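Dear colleague,

I am handing over the structure that follows, and below it I set out what was found in it. Please read the notes with the structure open beside them.

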Amino acid sequence: MEIRKEVGVRDSITSKVSRYRNFPMVPRVIFGRGSFDQLGEILMPKRRHSEAPFIFLVDDVFEGTSFASRIPLIFNDQVIFVSAEEEPKTVQVDALVGRIKTEFNELPSGIVGIGGGTLLDLAKAVSICLTNKGSSCNYQGWDLVGKPSVYHVGIPTISGTGAEVSRTTVLLGPEKKLGINSDHTTFDQVVLDPDLTNGVSKEQWFYTGMDCFIHCIESLNGTYLNAFSQSYGEKALELCKEVYLGELSPADSRDKLMMASWHGGMSIAYSQVGVAHAMSYGLSYLLGVKHGIGNCMVFQHLEEFYPKGVALFDQMVQKQKVQLPTGICSDLTDSDYETMISVSLSMEPLWENALGKGWRDIATRKKLKSIYSRI
Ligand code: NAD
Ligand code: ZN
């Protein structure tokens, strides 16, 4: 079996010696409403000594809230509030690492990321670059990280991306948007407290949750599918249907979406995403459209590739009364289209997963342009 990771292009590392990838998983996870309040006791044994702080990278939506006052600070721990307005960039990671190294004489005991995919990815990247020299852009790609990262903890406050389980951190660098895919990227500890997702807006809840739904559809309909990915993908899909088409209580819905995100992330670990992600990267690159909403904008027009998935998606949009933006590509020039199409088509493993080895005959520039022009 050839194995490739989400986001970007790489050669299969399959060889005669190692046919199968040996993936790291999150070794410790705590789940439950209110479990965040156990964070202090979870971190305590990981404190090297009082001079080696924990640095908490926290979505600035929580600045000044009662939740922020529950972060278990002791000694010289520090909270850094970070905006999730823009998706993470390599320069931002480098600046955070520089700041931590300047302010403290020695390495922190650990990094704790609290927020959505944006903050989780930042925390992963910062923990890698504290122990690996140079700019984070040097590590964008596959298996370029040499040294183990600093102990790092992920605490999602919105569910869907699967960033809490994945082996990648997606960064916009000077040359490309690409993940740092490495065994050292995966979190050492995850805290799944569904109550933390309580304040998410309806739109954002839908867009980020649909990232999970689309992971499932792309994984389950991909040519790379295997029993490992299928088992997680099917469970995640079932949970997404309960959340977006069922009649759950808000608290049950938060529980189930958090577990859907986890399983959806596990499903793509051993397979790959597909057409919606490939095309969404084009939108993101040219227009800065964010991951969740960008995937939705594309996915609604992919009935040719994912007929059952798109039909389900339409039902969810209607049931949840979500209005997707329209006319996003209406003023674009031919050269804009060419850029988006080139970025998208460069995601070769995603296309190969979606359409098989002959994908180039199906995913033509003309076809992509006709889909983009409907967005
Ligand atoms: P996000 O982190 O960008 O946050 C979206 C919005 O929700 C922000 O405005 C944020 O402030 C707000 N928010 C988060 N929690 C909240 C809460 N509890 N209450 C109120 N508001 C809250 O959203 P996302 O969709 O989770 O993450 C997208 C990012 O994840 C992208 O950068 C994408 O590249 C990345 N991603 C990473 C992986 C991976 O495996 N590493 C996978 C998929 C996506
Ligand atoms: Zn995704």
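**Ligand 1 and its surroundings**

An oxygen atom of ligand 1 lies 2.8 Å from an N or O atom in the side chain of T208, which falls within the limit for a polar contact (a pair of N or O atoms within 3.5 Å; within protein, one must be able to donate a hydrogen and the other to accept it, and residues adjacent in sequence count only if both atoms are side-chain atoms). Taken alone, ligand 1 exposes 870 Å², of which the protein buries 91%; these areas come from the Shrake-Rupley method with a 1.4 Å probe, and for residues only the protein chains shown count as cover.

Before going further, please note that this is a predicted model, in which local features need pLDDT of at least 70 and side-chain atom pairs count only at pLDDT 80 or more, while totals for chains, interfaces and linings use all residues. Residues are numbered from 1 along each chain as its sequence is written, chains are lettered from A and ligands numbered from 1 in the order in which they are written, and side-chain values use heavy atoms, with hydrogens and water left out.

Ligand 1 is surrounded by 26 residues, the closest being G117, T118, T157, S166 and T208, where a residue counts as near if one of its heavy atoms lies within 4 Å of the molecule or strand in question. T118 places a polar side-chain atom 2.7 Å from an oxygen atom of ligand 1, whereas for V200 it is a polar backbone atom that lies 3.5 Å from a nitrogen atom of the ligand.

**The zinc site**

The zinc ion (ligand 2) is coordinated at 2.1 to 2.2 Å by D211 (OD), H215 (NE2), H277 (NE2) and H291 (NE2); donors are N, O and S atoms within 2.8 Å of the metal (3.2 Å for Na, K and Ca), and water is not among the atoms, so sites may look incomplete. Along the sequence the donor residues are spaced D-x3-H-x61-H-x13-H. Because D211 lies in helix 4 (residues 202–220) and H291 in helix 8 (residues 291–299), the pair ties together parts that are 80 residues apart in sequence; helices (H or I, at least four residues) and strands (E, at least two) are DSSP runs, numbered from the N terminus. Both D211 and H291 are buried, that is, under 20% relative accessible area, with exposed meaning over 50% and partly exposed in between (1.4 Å probe, protein chains only).

**Other buried positions**

G233, found in helix 5 (residues 227–245), is buried with a relative accessible area of 0%. Leaving aside neighbours within four places in sequence, G233 is in contact (heavy atoms within 4.5 Å) with C216, L220 and S267.

P156 has its place in strand 6 (residues 152–156) and counts as buried at 2% relative accessibility. The C-alpha atoms of P156 and L120 are separated by 7.2 Å, although the two are 36 residues apart along the chain.

S271 lies in the loop between helix 6 (250–269) and helix 7 (275–287) and is buried at 1% relative accessibility; its side chain makes a polar contact of 3.1 Å with the side chain of S219.

With regards
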